[in-house]
Amino acid sequence: MNNILTMWRKQIHTGNRLLVSLMSLSLMMVVIISCIGMTGCGKSTAALTQYWAEDSEAAQSLRDYVKKVTNKNDADNFIPEEDRIAVFDMDGTLTCETYYTYYDTMMFINYCLVDHPEKVSDELKAAAEEIQPGYTAGEELARNFAKAYAGMTVQELYDYAVEFGQKETDSFQNMRYIDGFYLPMVEVVKYLYDNGFTIYVVSGTERTTTRAIIANSPISEYVSPSHVIGTEFEVKVKGYEDVSSNMDFKYADGDELVFTGEFVQKNLNANKSIWIEREIGQRPVLAFGNSGSDTSMMNYVLDERNPYPSAAFMIVADDDVREWGTQNWEEKSASYTEQGYVPISMKNDFYKIYPDTIIRSEQQYNEVEDGNAA
């Protein structure tokens, strides 16, 4: 009898241990599943955490904004998807503008002095040689760009812009010109796109060149060619360049569209707000820029007549270690905050700017010598 009782107790004990083991295993599975689904087991999957600093106030501001305007239950702030429009400047906002200057300017220098000096005038070569750090990227220079590409078809300029992007810049090690997109801003574009925003790039760079850059960039799948607004050079049907009115002829199968060398408009300052209105037809609700030439676009978005909640973000180029930033954070951030913009520090808000293989060179600018571009 005692032996029977002993065996019975052992079975109960074994059963309890098995039950405890099964419960522990179940609990562990719940924890693992929760970990994978919510935090990636130590790596956060929250928005804007891969390339943004964990304590970035700018990133948190954008997260808060997106959360409220995409919440259908928030009647005061919800924005329907068709009205979620975000506009981005390109140079210095989405991509590098310090090799040693803008993509389109370096392209002009190379076109005139290295790749096709036989196709441009001595006047344009001289203009290209004179471009050095501290120059003004104004309308006069843009007019020279237009003259340099006179006679090229739209497709030829597009192809040259793509070709130029494969060249390596001296300002950074292991960087082609097309590689200059800021990883945190690529993350922002994708984040907004995934949350139902339509993305426009509104650049001071000529439109065809901007389209070529965007189409070969990490944000290509989020920005369609029709959502690119830029500086305009005159385009006509080949063979009718000298005809004053396009109403006097018709396009025919096989015709080519060519740049005439004439200039239409530089897409900076007030032109940005004007062309946004002309091409989009409504106020965007988000704007991103990096300089005074973007403030008109910012103010157009923040205008009190905007029917939806809006926000504007300004990048401050204050990182002089990973980048060639020279701006003072205290001064710029105070000024931008006063104007109603959210300042973004490249130094402190950007956890990583470029892939690890890209490193700032010891020297930013190499003067053009013997036909070799900087």
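1. Tyr 251 is found in the loop between β4 (228-237) and β5 (257-265); strands (E, at least two residues) and helices (H or I, at least four) are DSSP runs, numbered from the N terminus. The model is predicted, so local features need pLDDT of at least 70 and side-chain atom pairs count only at pLDDT 80 or more, while totals for chains, interfaces and linings use all residues. Residues are numbered from 1 along each chain as its sequence is written, and side-chain values use heavy atoms, with hydrogens and water left out.

2. Tyr 251 is exposed, with a relative accessible area of 52% (exposed is over 50%, buried under 20%, partly exposed in between; 1.4 Å probe, protein chains only). With Val 235 and Leu 257, Tyr 251 makes a nonpolar surface patch of about 270 Å². Such patches take residues with over 30% relative accessible area and no salt bridge, nonpolar side chains (Val, Leu, Ile, Met, Phe, Trp, Tyr) being joined within 5 Å; areas come from the Shrake-Rupley method.

3. Seven strands form an open sheet in the order β5-β4-β3-β1-β6-β7-β8, with mixed pairing (two strands pair if DSSP finds at least two bridges between them). Because β5 and β8 (342-345) stand at the edges with a single partner strand each, one side of each has no neighbour in the sheet. The twist averages 30° from one strand to the next.

4. Strand β1 (residues 85-88) pairs with β3 (residues 198-206) in the parallel sense over four bridges, and runs parallel to β6 (residues 286-289) with three bridges. Val 87 has Tyr 200 as its bridge partner in β3 and Ala 287 in β6. Both faces of β1 are covered: Ile 85 and Val 87 are buried on one side, Ala 86 and Phe 88 on the other.

5. Lys 272 and Asp 89 form a salt bridge at 2.9 Å, N to O (a side-chain nitrogen of Lys or Arg within 4 Å of a carboxyl oxygen of Asp or Glu). The pair links helix α9 (residues 270-280) to the loop between β1 and α3 (103-115), 183 residues apart. Both Lys 272 and Asp 89 are buried.

6. Glu 232 and Arg 207 meet in a salt bridge of 2.5 Å. Glu 232 counts as buried because its relative accessible area is 16%, and Arg 207 is buried at 10%.

7. Glu 139 and Arg 143 form a salt bridge of 2.8 Å within helix α5 (residues 139-148), four residues apart. Glu 139 is partly exposed at 39%, as is Arg 143 at 37%.

Conventions
Patch = residues over 30% accessible without salt bridge, like charges linked within 9 Å, V, L, I, M, F, W, Y side chains within 5 Å. Areas by Shrake-Rupley, 256 points an atom, 1.4 Å probe, with all protein chains shown as cover. Axes fitted to C-alpha atoms, helices over the stretch in contact; angles between N-to-C directions.
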